[in-house]
Amino acid sequence: MSVILEVSHLTKEYKTVKAVDDLSFTLNEHEILGLLGPNGSGKSTTMNCILSLLRYSSGSIRIHGKEMSPSAYDLKQEIGVIFQDVAVFEELTVYDNIRYFCGLYIRDRKTAEAYIEDAIHLTGLEDYRKFYPKQLSGGLLRRLNIACGIAHKPKLLFFDEPTVAVDPQSRNNILEGIEKLREQGASVIYTTHYMEEAEQLCDRIIIMDKGKILASGTPDSLKSITSVTEKVMAEVPRLSEEKLHKLEGEVTNGSIRYENGRLVVSFHDGKDHITHLIDILRRMQISYLRIYSERPTLNDVFLELTGKELRD
Amino acid sequence: MFLHNYRYSLVVLLRNKGLVFWTLAFPVIMALLFHMSFAGIDDAERFSAIEVAVVDDDAYQNQVIFARAMEELSKSEDAVLHLHYADSTEAEELLNNGEVTAVISIQKREPVVRVLSSGIQETIVQSVVEEIRCDSEVISDLAKEEILAEIGEDGTDLDFERIFTDISKAVLSVKSKVNNLNQKEYSFVMIEYESLIAMTCLYSGLLSMTLMNMHQANLSAVGKRSTVAPARRGAVLAGAMCAALTVQLITLMMLYAVLLLIVKADFGNDIGKILLLSLSGSLAGLTLGAAVSVLVRTGENAKMTVLLSIVMSGCFCSGMMGIVMKNIIDKHLPFINWINPAAMITDGLYALYYYGAVDRYWFDLASILLFSVVMTAVSIGGLRRRQYDSM
């Protein structure tokens, strides 16, 4: 697979803060690369630097081996961006919005019209061509936002949290659409806060914080990073402080958390601890409604790497 | 790319209800309101001369040009002022008894107007005196220049006849200008309409600013999307600016239709030149809006506040709240009106309408175009290959 995008030692400094700190990564052809990180980790700044919107302090950004710059029109022609904020004109209809943005890339009218139809079809906006943005629901607005970014059939796509505040149906539609775009030959950089989305969609994931890469790899390889080997969850409606302390004494090979009627025991020494935990709960006469085991998720990896403290 | 942007920018502007109100409807509403509020005000004021006391002392008599101008104004059939010559004590008594509206005296060679309250009559007296004072200064300076030039040419023999002829011409021109105060043409309402035209021209800045903001990545998500596209900024922005100019032309057409057909404002015989001036003024407004959008590096609301402050203070300095303000600025802070596009527009209109001074009109037109060129250069310089430090 050939490299589409190469970011080398990218650094973006503000007065006192390094928003991006010596960041290097590549994106291969037909690949979906996830950029994960908490708020303020530098994901959007990285994206804006790649798009030549932001001036960066040092490093280089190459697309198809060529240096990216504000006047690199041939490279821009191949890029599509779906911004986190919905970027459409309130005064234009769904069709006119897509037509306007597509027209910035495609000059031939017939080609543009055919591309617009494809974008409308892919995002399921067939019935809303004449609607104005304010008449659309949140999910439809997000789909329009995507249609405006992909109508010109770009080869390199940037999705910046495209599924924020949409219902599960719309989210599913969006994720399927991105898969289709990859099948049609696009390479994608995808930023999100939803770990399950990244796990479902991305071939490779980069977890970053404070402008630096903390870990990268396939979803499976990332999961092996965490020290947690198994999580057993039990729905326990009532658990006194006293019993919780006793339970902590019984379970010596795991850490216990009890929140909102849910007991979570994380084990760090292999799998298949559920039977052992059931025995302990019965012995201690702790009643539970449901108990189940889970392998560590990307979310566990993410929290372990970036910490659990709240961010801005 | 130009046509593509032109077409969609036009649609975006015409479907923006707030913008349509402020740029298309507001000037028309203002014109109609002026018409309804001030209709007949000129007629009412024209037929009753304002009673004024003049302190007739040595200082007053020494200001020959001023005294003659005042005399002229009180002579004709439809005189603006009715003068009562008195000493300072009598004049004060007349004022305090309400027999006169104002007392005019000369102090330190400058005319001083004393009134007891503010009102239309008081404002007219202030305006008239200020106008005569300005013109007297011009004539005085001209006389000095003429005499000095004569002395400089051949030493001693002064051609008094020629000096007299030149100064007489100037005096006659001023006299005819002052006399206009008595005529229908010098109208309080017309001055308001002319200021309104200037304001409407500069309000076009709202159109260009709206479109420019839409194409700047640090101001809107749409701006980001537009900036990452491979379209050349020049073509995109030129299309947008032409769309703004088109909407502005529609505005001007509507405003002039109302002024000429409904309000029946009398713009004389130079309507072509007036339209050319309005078009140039609109260009100044458009480029001013673009420059503010590029140069003021804050949010959209702050940019709008800056633009409206510039436009409204410009209109104020150019006479929207009364011609006296323009004269005061011209006298004490002339550089403000040299760079004030509203003053350039109103001055061009006065040049055509009151003074019949075509040279002055062309000078004003050239100044407006120069202003537009500077604003365009500033905008292009600010936008060219712009990358942002932060978003």
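Colleague: Which residues does Ala151(A) touch, once residues up to four places away in sequence are not counted?

Modeller: This is a predicted model, and in it Ala151(A) touches Ile98(A), Phe101(A), Cys102(A), Tyr115(A), Ile116(A) and Ala119(A). Ala151(A) also belongs, with Ile98(A), Ala147(A) and Val188(A), to the residues with the most contacts inside the largest nonpolar core, which has 143 residues.

Colleague: What gives the largest share of this core?

Modeller: Helix 9 of chain B, residues 188-214, supplies the largest share, namely 16 residues. There is also a second, separate core of 24 residues, and among its members are Val52(B), Val54(B), Val129(B) and Ile132(B). As general background, nonpolar side chains tend to be buried together in soluble globular proteins.

Colleague: Why does Leu157(A) count as buried?

Modeller: The cut-off for a buried residue is 20 or more other C-beta atoms within 10 Å, and Leu157(A) has 22 C-beta neighbours inside that distance, so Leu157(A) counts as buried. Leu157(A) is placed in strand 7 of chain A, residues 156-160, and, leaving aside neighbours within four places in sequence, it is in contact with Gly80(A), Ile150(A), Leu181(A), Ala186(A) and Val188(A).

Colleague: What makes Leu144(A) buried?

Modeller: Against the cut-off of 20 or more, Leu144(A) has 26 other C-beta atoms within 10 Å, and therefore Leu144(A) is buried. This residue lies in helix 5 of chain A, residues 138-150, where, with residues up to four places away in sequence not counted, Leu144(A) touches Val88(A), Val94(A), Asn97(A), Leu125(A), Pro133(A) and Leu136(A). The C-alpha atoms of Leu144(A) and Ser69(A), which are 75 residues apart along the chain, are separated by 28 Å.

Colleague: Turning to chain B, how many helices and strands are there, and what share of its residues counts as buried?

Modeller: Chain B has 17 helices and four strands, and of its 391 residues 39% count as buried. Among its contacts between residues at least 6 apart in sequence, 76% join residues at least 24 apart.

Colleague: How do you know whether helix 9 of chain B is roughly parallel or roughly antiparallel to helix 11 of chain B?

Modeller: The axes of helix 9 and helix 11 (residues 233-262) of chain B come within 9 Å and cross at roughly 155°. Angles over 145 degrees count as roughly antiparallel, and therefore helix 9 of chain B is called roughly antiparallel to helix 11 of chain B. Their crossing is right-handed.

Colleague: Which residues of the two helices meet there?

Modeller: From helix 9 of chain B the residues include Tyr193(B), Thr200(B) and Leu207(B), and those they meet in helix 11 of chain B include Ala240(B), Val247(B) and Leu255(B). By class, this contact between helix 9 and helix 11 of chain B has ten nonpolar, five polar and no charged residues.

Colleague: How many residues of chain B are in contact with chain A, and which element gives the most to that side?

Modeller: 23 residues of chain B are in contact with 28 residues of chain A. On the side of chain B that touches chain A, the elements giving two or more residues are helix 1 (2-14) and helix 10 (221-228) of chain B, and helix 10 of chain B gives the most, with seven residues. By class, that side of chain B has twelve nonpolar, six polar and five charged residues.

Methods. Residues numbered from 1 in each chain as written. Chains lettered and ligands numbered in written order. Predicted model: local features only at pLDDT ≥ 70, side-chain atom pairs only at ≥ 80, totals over all residues. Core = buried A, V, L, I, M, F, W, Y, C linked by C-beta atoms within 7 Å. Buried ≥ 20, exposed ≤ 12 C-beta atoms within 10 Å, placed from the backbone. Contact = placed C-beta atoms within 7 Å. Axes fitted to C-alpha atoms, helices over the stretch in contact; angles between N-to-C directions. Parallel < 35°, antiparallel > 145°, perpendicular 65-115°, else oblique. Left-handed = near helix turned anticlockwise from the far one by under 90°. Nonpolar A, V, L, I, M, F, W, Y, C, P; charged D, E, K, R; others polar.
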